[in-house]
Amino acid sequence: MLSTADFNLVRDLVRSRSGVVLDDEKAYLADSRLRQLAKDVGMASATEVVATVRAGRNAALTQKMVEAMTTNETSFFRDGHPFEALQTVIVPELMRRRAAERRLTIWCGACSTGQEPYSVAMVLREHFPSLSGWDVRILATDLCTDILARARSGRYTQMEIGRGMPQDLLAKYFDRDGTGWVVRDTLRKLVEFRQYNLLSETTPIGSVDVIFMRNVLIYFDIPTKHAILDRARGALRTDGYLFLGGSETTWNLHDGFARVPCGRAHFYRVLNIGPPVARPRAG
Ligand SMILES: C[S@@+](CC[C@H](N)C(=O)[O-])C[C@H]1O[C@@H](n2cnc3c(N)ncnc32)[C@H](O)[C@@H]1O
């Protein structure tokens, strides 16, 4: 088991590099993830990993350690309703509003192994054939190098496919790949994967119509959640749509968004909060 000093070092680094907060109960998790990392990089133990990181001469190992402590849980069409809303309300609305420019950009801000952006791509390909004449871009970003490499490869095990992928879409958009499956180019070419740290990246993401930023705010403390919602607000067009995860909200965190019900889902719309109101001085 990691010593308290080792766990504290891991905790501090993970927080400062990714924003992810590890509470005391995560000491066991840290130990088992770092034991796996030690095996992967040919070290003897989690303690050796931490000692090497502490010595400060192995930036790649430090990054791997931070990445090892993220949770990458995801699935195809996770939580269903946001994808329904995309299909039945949002894309039709955007196609009307963007008819002159014929451009649509969707950002998946913590895309993990890619199931979320590929699900978005399937909604677009399956239900909106006329978008083929448009400039459509799904920008899928995440912090983790290895996770992004998996996402880019588009390769999924039978078990991953079993989590949420309808049979008809599987037959249409995936090919057999050994015992698993690989995404076809028709989807892959809609999605651009890029490494992007929501906490510290300085390049703005640009201007997007829809943001999926789901199941990532839960790992951050309140000031970080606020800063990342600010980043989302800065990237979203004024009439754009923000989806958060099922247990996430902007409520009590950021007053620059309004929650809008949409079928069985809800999204957040940018509110024009304007400059701070001048308050009368006391006395
Ligand atoms: C639980 S997954 C969510 C995946 C997907 N959005 C979904 O809802 O199924 C959370 C993802 O957030 C990523 N993440 C954590 N901290 C991050 C940061 N500071 N910047 C970008 N991505 C981060 C993790 O690498 C992980 O892949």
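Which domains does the domain assignment of the chain give? In this predicted model, the assignment gives domain 1, residues 4–68, and domain 2, residues 81–270. The centres of the two domains, taken over C-alpha atoms, lie 29 Å apart.

The two domains touch. Eleven residues of domain 1 are in contact with eleven residues of domain 2. Together, domain 1 and domain 2 bury about 790 Å² between them. Carbon and sulfur atoms give 50% of that area. On the side of domain 1, the most area is lost by Ser18, Gly19 and Glu67. These three residues account for 48% of what that side buries.

Polar pairing across the interface was examined next. Four residue pairs are in polar contact between domain 1 and domain 2, with both residues of each pair at pLDDT 80 or more. One salt bridge is found across the interface of domain 1 and domain 2. A salt bridge joins the side chains of arginine 15 and aspartate 221, with an N to O distance of 2.5 Å. Two elements give two or more residues each to the side of domain 1 that touches domain 2. They are α1 (4–18) and α4 (59–68). By residue class, this side of domain 1 holds three nonpolar, four polar and four charged residues.

Strand pairing came next. An open sheet is formed by three strands in the order β3-β5-β4. Its pairing is antiparallel. The edge strands are β3 (155–156) and β4 (174–177), and each of them pairs on one side only. Strand β3 is joined to β5 (residues 180–183) by two bridges, and these two strands run antiparallel. Within this pairing, tyrosine 156 stands opposite tryptophan 181 of β5.

A further antiparallel pair is made by β9 (residues 257–262) and β10 (residues 265–270). Six bridges connect β9 and β10. Valine 260 stands opposite phenylalanine 267, a residue of β10. The strands β9 and β10 form a hairpin with two residues between them. In this hairpin, glycine 263 takes a positive phi near 60°.

In outline, the chain is assigned two domains, 4–68 and 81–270. Their contact buries about 790 Å² and includes one salt bridge. The strands described comprise the open sheet β3-β5-β4 and the hairpin of β9 and β10.

How values were computed:
Residues numbered from 1 in each chain as written. Predicted model: local features only at pLDDT ≥ 70, side-chain atom pairs only at ≥ 80, totals over all residues. Heavy atoms only, no water. Domains from an automatic or database assignment. Contact = heavy atoms within 4.5 Å. Buried area = accessible area lost by both parts, 1.4 Å probe. Salt bridge = Lys/Arg side-chain N within 4 Å of Asp/Glu carboxyl O. Polar contact = N/O pair within 3.5 Å; in protein donor to acceptor, adjacent residues only side chain to side chain. Helix = DSSP H or I, 4+ residues; strand = E, 2+ residues; numbered from the N terminus. Nonpolar A, V, L, I, M, F, W, Y, C, P; charged D, E, K, R; others polar. Pairing = 2+ DSSP bridges.
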